[in-house]
Amino acid sequence: MPLARSLSVTSLSGLEEWDEEFDLEDAVLFEIAWEVANKVGGIYTVIQTKARLTAEEWGENYFLVGPYVESNVRTQVELIEPTNPTLRRTIDKMNASGWLHFQGRWVYFGRWLIEGSPYVVLIDVAFTAWSLDRWKAELWDLCDIGVPWFDREANDAVLFGFLTAWLLGEEPPHIVAHFHEWLAGLGLVLCRHRQLPIATIFTTHATLLGRYLCAGNVDFYNNLAEFNVDKEAGDRQIYHRYCLERAAAHCAHVFTTVSQITAIEAEHLLKRKPDIVTPNGLNVKKFQAVHEFQNLHAQSKNRIQEFVRGHFYGNLDFNLDKCLFLFIAGRYEFSNKGADIFLEALARLNYLLRVNHSDVTVIAFFIMPARTNNFNVETLKGQAVRKQLWDTAQTVKERFGKKLYESLLVGQLPDVSKILDKEDFTIMKRAIFATQRQCQPPICTHNMLEDSSDPILNCVRRIGLFNSSADRVKIIFHPEFLSSTSPLLPMDYEEFVRGCHLGVFPSYYEPWGYTPAECTVMGIPSVSTNLSGFGCFMEEHIADPSAYGIYILDRRYRGVDESCNQLTSFLFQFCKQSRRQRIIQRNRTERLSDLLDWRYLGRYYIAARHMALAKAFPETYLYEPHDPTSTTGFRYPRPASVPPSPALSRHSSPHHSEAEDNEEDERYDEDLEAEKDRVNIRQPHTLGFKNKAPAAPAASGTSNGAAATEKN
C-alpha cells in the first residue's frame, strides 16, 4: 500500500513564513493526558519536552491536566494556589463537592518542575471511585459502551474522563482542549455530547488495535484494509477500549497522529483520516563548538569500556580500541521493537566478521526492562575483580614511583630490573590469577524470573552467541532501566547513548520512535525502519539518509529474511568504517538535530490548535487551507565530501598514511558542509489561519513564543 500523504504538513521545505496574527488573548489551552507528571511511556516525553514551547506561546493560559499520583507529585510538582480566578472557583467547587462522601482534597493545582514550568491540574481519580458504577451506566446510556469491572485501566479512564469534562465544563468559552490517547479520550466525547463551547483535538500516538495486532505476529501493514476491526478487538478483549478510542477520534474537531505511517493505520482501524500529522520533537541543546559532543562521546565511551573490562574479565582477549558498542532500548516487545531481527542479524554479522578475519569486536547491549529478582552474582563479581585489579595497579605504581623518585634524587638513572622487587611481582601474579574464570562471561546481568521462557535468552540459545572467545559479536542483556546510581553500570540513559557507536531499532511497529530521535540529537548514528514514523520522516527529508548516519531498514516491502540480510549489511559496513569515517558521520548526524527541534516541529501542534479553533468558533476564527507546497529543493543533499560508507571509500582501516589523511582533509570540510546543510532548513508551512474579528493585541506569552520560534 503506497504511503499516501494525508495532508502536506510534514514537509519543512521551501515553506512560507508564518506572518499571520492569531489572537489567543481570550483563549485558554488545556492539554489532557494520563502521562502528565506520570511517566508510563513515550507520551510523557512528548508532553514534557513540548511544554516549554507551548508555555511560551500561551503564557498564563496554558494548563496541563493529569492524574494525581502522590509519589510523582512529591518529586515533580510544586503545589500552589490557582492563579486563574475562574479555574480557582472551579477547583474549589469540585473539592467542596467531595465532602458529601469523603473529607479531603482531590483536585490539586501546581507547577510541573520541568522546562517551561507549566501549570498542572492533577485529579485524584481514586477519590471519586464511588461514582464509577453511576458513570459507567451513564456512558452506556449515552454511547452504548460497556466497561467490564475487571479492567482497571478502563475504569480509571472512565473516572478521569468524567472528571475532566466536569473541570472543562466550568470554564469560559474559547477553550482549546487537546486530549492524548484513549485513556483521556472519554473527556472529549463527553464535552462534545454536552455541547460545551470547547475546540477539541485528539491525538493518537499509537492505535490500540494496531499494537495488539502487531504483537500477534500478523502481516499487519499488508492487510490493513482487510481487518474486521470489531471482531479483532473483541477477540483480544479490548473492544471497550477500542470503542473509547474510536469515539474520541470521531468526535474531535481535529484528529491528529504522530506520523504518516500511523495516519494510514488510523484511517483503516479508527475509520477517520487524520486532519494533520504532528511529528514528535525534542528540546535540542546545541553546543558552541562542534567538537564538544565528540568529547562527550569519548568520555561516555570510556565509562562503558570500564564496565566491559569487568564483565569480560578472564576473557578480555579483544582490543577495546577496536570495539564497537551497539544497543537497542525500549519496552520489552520482542517482535514489535525488532529484537528478534536484531539478534538474527548479529548472528550473521558474527559469521561475516569471523570469515573475513576482522579485528573488530561488536558488543550489543539490550536495554529492555523485564522481570528480575536481583543482579547476577557473576556480573557483580566481574566489577569487583576489575576494581581490585585497578587498586593493585595503583599500589604497584606508587611503590614504583617512590623508588624512581629516590633514584633520581641521588642523580642516578634507575635500574629497571631492581625497581620492581619480588613482592611487587607476587602482588601482580596474585591479581592475574584472580582474573581466571571457569565459565563464559554472562549474557544477562540479572537473574531472570522466567529464564526458560524469556524471548531474548531463548533466541540467544538458538543462534549460539554465548560470548565465547571465538565470537566477534558479544551480547549483554540488561533487563532494567539504566541509572547513575546502579552498582553495575552507573550511567543514566543519555550518558550511555552518547558512549555507544550505533543505535539499532529495527521495529515492526513504531508509530514515531523517540529512541532513534534521541540518538540523532546526540550525534549517534542509528538504524530505523520504513515502518516507524521517525524513519519515514527522515526518508522524506534527507536525500541519502545513510550518509548522515540514519540507516532506514525496509520492513514494509521485504520479507523477514531479506530485511535481516539488509540489516546485517548495514552493520557489517558500519564495522568496516575507519575511526575518522565514524567521526565525520557523527558530525553529520548531529547536524540533523535541527529537524527534530520543537522550535520547528511544534508548529504542527500550533496549526492543529488553530484549525480546531476555526472549526469550533467559525464566527471568530477563519481557516483557509493552502494548496500543498512542493518539496523540491528541501531534502538534505548527499554530501559531496568524504563518503561515510566504506563501500564507496578506498579506505576501511583506521591506519592511513599521512599523505592519504591530508588528501581526505582536502576533500572534507566540516564548516562548508554544515553551512550547506543549514541553508536547507526552512520555516514550516503557514496553514492560513486568520481572525474574523479585528485583531486585538496578542497576549504577551503568545508574542514571545512566536518571536522565539522565528529566531530559531
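Which unit do β1, helix α1 and β2 make? They form a right-handed β-α-β unit, where right-handed means that, with the strands pointing away from the viewer, the path from the first strand over the helix to the second runs clockwise. The model is a predicted one, in which local features need pLDDT of at least 70 and side-chain atom pairs count only at pLDDT 80 or more, while totals for chains, interfaces and linings use all residues. Residues are numbered from 1 along each chain as its sequence is written, and side-chain values use heavy atoms, with hydrogens and water left out.

Select residues 62-67, strand β2. Helices (H or I, at least four residues) and strands (E, at least two) are DSSP runs, numbered from the N terminus. Six of the six residues of β2 are buried, so the strand is largely enclosed by the rest of the structure; buried denotes under 20% relative accessible area, exposed over 50%, and partly exposed in between (1.4 Å probe, protein chains only).

**From α1 to α22**

Display Glu-57 and Arg-609, whose closest N and O atoms are 2.6 Å apart in a salt bridge (a side-chain nitrogen of Lys or Arg within 4 Å of a carboxyl oxygen of Asp or Glu). Glu-57 lies in α1 and Arg-609 in α22 (residues 598-616), so the pair ties together parts that are 552 residues apart in sequence. Glu-57 is buried at 7% relative accessible area, and Arg-609 is buried at 2%.

Move to helix α8 (residues 229-235), where Lys-231 and Asp-235 are four residues apart, about one helical turn. Their salt bridge has its closest N and O atoms 2.8 Å apart. Lys-231 is partly exposed at 47%, as is Asp-235 at 48%.

**Around the end of α13**

Select Arg-399, Lys-403, Asp-421, Glu-423 and Asp-424, which are linked in a network of salt bridges. Finally, select Val-410, in the loop between α13 (377-409) and α14 (416-419). Val-410 is exposed, with a relative accessible area of 59%.
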